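I opened a new notebook page for this chain. My plan is to look things up one at a time and write down what I find.

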Amino acid sequence: VRANDKLDFFGTTVNVAARLQAQAHGSEVVIAESLLDHDEVKALADGRLGRSFEASLKGIKEVQRLVGLSASRASAVREQVA
């Protein structure tokens, strides 16, 4: 949607992203576990997989299966060396 000649993002997608971010611990990115079914996401997550858990997200009916991925520099460095 455009507002004041700028692209404006809002709605369910933005709300879900905010709820996922709220579930993350320090140096962690939280994603829906189902995203790991995509080869590209699985390759990016390789070596960064952390905790797997369920959470109720405000405004979402079903309990969500989530995965925490390490976003720390140490994981990125290990990946570059490998």
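Is arginine 65 buried, partly exposed or exposed? I looked it up: arginine 65 counts as partly exposed, at 34% relative accessibility. I note here that the model is predicted.

**Overview**

I stepped back to the whole chain. I found three helices and five strands. Along the sequence they follow the pattern β-β-α-β-α-β-β-α. The chain has 82 residues, and 18% of them count as buried. The accessible surface comes to about 6400 Å², with 53% of that belonging to carbon and sulfur atoms. I also checked contacts with a separation of 6 or more: residues 24 or more positions apart account for 52% of them.

**The sheet**

I traced an open sheet of three strands, in the order β3-β5-β4, with antiparallel pairing. The edges are β3 and β4, each with a single partner strand, so one side of each has no neighbour in the sheet. On average, neighbouring strands here are turned by 25° against each other, direction ignored. I then followed β4 and β5 (residues 64-70), which pair over five bridges. Serine 52 stands opposite valine 67 in β5.

**Salt bridges**

I counted three salt bridges in the structure. I took glutamate 28 and arginine 51 to begin with; their closest N and O atoms are 3.0 Å apart. Glutamate 28 sits in strand β3 and arginine 51 in strand β4, so this pair ties together parts 23 residues apart in sequence. Arginine 51 is partly exposed, with a relative accessible area of 27%.

Next I returned to arginine 65. It forms a salt bridge with glutamate 33, the closest N and O atoms being 3.4 Å apart. Glutamate 33 lies in the loop between β3 and α2, and arginine 65 in strand β5, so the pair joins parts 32 residues apart in sequence. Arginine 65 also forms a salt bridge with glutamate 54, at 3.7 Å between the closest N and O atoms. Glutamate 54 is in strand β4, 11 residues from arginine 65. I wrote the three down as a network of salt bridges: Glu33, Glu54 and Arg65. Glutamate 33 is partly exposed at 29%, and glutamate 54 is exposed at 52%.

**Glutamate 28**

Why does glutamate 28 count as buried? Its relative accessibility is 17%, and buried means under 20%. I listed its contacts, leaving aside neighbours within four places in sequence: Gln23, Arg51, Gly68, Leu69 and Ala71. I also noted a polar atom of the glutamate 28 side chain 2.7 Å from the backbone nitrogen of histidine 25.

Conventions:
Residues are numbered from 1 along each chain as its sequence is written. This is a predicted model: local features need pLDDT of at least 70, side-chain atom pairs count only at pLDDT 80 or more; totals for chains, interfaces and linings use all residues. Side-chain values use heavy atoms; hydrogens and water are left out. A polar contact is a pair of N or O atoms within 3.5 Å; within protein, one must be able to donate a hydrogen and the other to accept it, and residues adjacent in sequence count only if both atoms are side-chain atoms. Contact means heavy atoms within 4.5 Å. Helices (H or I, at least four residues) and strands (E, at least two) are DSSP runs, numbered from the N terminus. Buried means under 20% relative accessible area, exposed over 50%, partly exposed in between (1.4 Å probe, protein chains only). Accessible areas come from the Shrake-Rupley method with a 1.4 Å probe; for residues, only the protein chains shown count as cover. Two strands pair if DSSP finds at least two bridges between them. Axes are lines fitted to C-alpha atoms, for helices over the stretch in contact, and angles run from 0 to 180 degrees between N-to-C directions. A salt bridge is a side-chain nitrogen of Lys or Arg within 4 Å of a carboxyl oxygen of Asp or Glu.
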